[in-house]
Amino acid sequence: MKLAIVSLNSIWEDKLANLNEIERIVQSLKEVNYVIFPEMSLTGFSVSNLTLAEELENSSSIAFMQRLAKKYNISIVFGLMISKEEKKYNSCIAINRKGEVAEHYEKIHLFSYSGEDVLIAGGNEVKSLSWEGGWGLSICFDLRFPELYQELSKENLILLNIANWPKTRVAHWRSLLNTRAIENQSFMIGVNRSGVDGNGLEYEESSCVFSPLGEKVQPIKTSGIVQIFDINLEEAVLYRKSFPVKADRKNLIYKEFYS
């Protein structure tokens, strides 16, 4: 399966500019099944400006992405702040190539260090996509909580994290992505933004893919902030069969830790 990951330099709080750039990128992709953009793709990590949120069922940005997906026959994953029942959520939106919303995941672990938890509501549902291989969805700070990925990897060969992860902690980003791939025997895809945001935070171009064996997967093509990968899902299937780590988990004991 071929997919593109985009280290988008999101223009701060400028949805139109970011949508135009996303369309430019999407129309340039050839023979790619999926394209993935970072957390809060259209605004940057601006959690204090709640006017940026859009109603899930009446979102002009989602509608724009639906038209792109259908027009260019490609599945799209991107980040957006959404409103549901007067609450705001940091969400990951997945749209299939037919232009349908396949799933939306609301970030569970909010980044209290930055005050995200003060204005944004946390999600409480683990979400997956039934796309090829199965995709487990997560956002940025979720990456530091391994329990989420153990649950996601039960049925999914691909684990995805879209992020706005600052350069100052980029070593953690790479190490955690690698670890999640190894401990879950899954492909781990991390899509991080690049550039500098409206708060002056700098981001290093660090989007990457790790194999179920913890090896960094090399792109088959790179063009600016876009990397294209050709992933062989059979690698995860065979590795799980030959080295069945999950068979030795002690879930009953683990439950005692959290009781």
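Me: What makes Cys140 count as buried or exposed?

Reply: Keep in mind that this is a predicted model. Cys140 has a relative accessible area of 9%. Buried means under 20%, so Cys140 is called buried.

Me: Where is Cys140 found, and what is its phi?

Reply: Cys140 is in the loop between β8 (135–139) and α4. Its phi is near 40 degrees, which is a positive value in a residue other than glycine. Asn73 also has a positive phi, of about 55 degrees, although Asn73 is not a glycine. You will find Asn73 in the loop between α2 (60–72) and β4 (75–84).

Me: Why is Asn73 called partly exposed?

Reply: Its relative accessible area is 45%. Buried would need a value under 20% and exposed one over 50%, so Asn73 falls in between and is partly exposed.

Me: What makes Trp165 count as buried, and where does it lie?

Reply: Trp165 has 3% relative accessibility, and since the cut-off is under 20%, Trp165 counts as buried. Trp165 lies in the loop between β9 (158–163) and α5 (170–184). The C-alpha atoms of Trp165 and Glu204 are separated by 8.5 Å, although the two residues are 39 apart along the chain.

Me: Why is strand β1 described as largely enclosed?

Reply: Four of the five residues in β1 (residues 2–6) are buried, so the rest of the structure largely encloses this strand.

Me: How do you know which strands pair with β1?

Reply: Pairing asks for at least two bridges. β1 has five bridges to β15 (residues 226–230), in the antiparallel sense, and Leu3 has Phe229 as its bridge partner there. Three bridges join β1 to β2 (residues 34–36), and these strands run parallel. Ala4 stands opposite Val35 in β2. The chain goes from β1 through helix α1 (residues 15–28) to β2, a β-α-β crossover that is right-handed.

Me: What makes up the lining of the largest pocket?

Reply: The largest pocket holds about 430 Å³ of space. It is lined by 13 residues, and the closest to its centre are Glu147, Gln150, Arg249, Asn251 and Tyr254. Helices α4 (146–152) and α7 (251–257) are the elements that give two or more residues to this lining. By class, the lining has seven charged, four nonpolar and two polar residues.

Me: And which residues line the second largest pocket?

Reply: That pocket has a volume of about 330 Å³. Of its 20 lining residues, the closest to the centre are Phe45, Phe111, Ser114, Pro166 and Leu201. Eleven of the lining residues are nonpolar, six polar and three charged.

Note on methods: Residues are numbered from 1 along each chain as its sequence is written. This is a predicted model: local features need pLDDT of at least 70, side-chain atom pairs count only at pLDDT 80 or more; totals for chains, interfaces and linings use all residues. Side-chain values use heavy atoms; hydrogens and water are left out. On a 1 Å grid over the protein atoms alone, a cavity is a set of points where a 1.4 Å probe fits but cannot get out, and a pocket is an open set with protein on both sides within 12 Å along at least five of seven lines; lining residues have an atom within 4 Å of a point. Grid points are joined across faces, edges and corners, and a volume is the space filled by probe spheres set on the points. Ala, Val, Leu, Ile, Met, Phe, Trp, Tyr, Cys and Pro count as nonpolar, Asp, Glu, Lys and Arg as charged, and the others, Gly among them, as polar. Buried means under 20% relative accessible area, exposed over 50%, partly exposed in between (1.4 Å probe, protein chains only). A crossover is right-handed if, with the strands pointing away from the viewer, the path from the first strand over the helix to the second runs clockwise.
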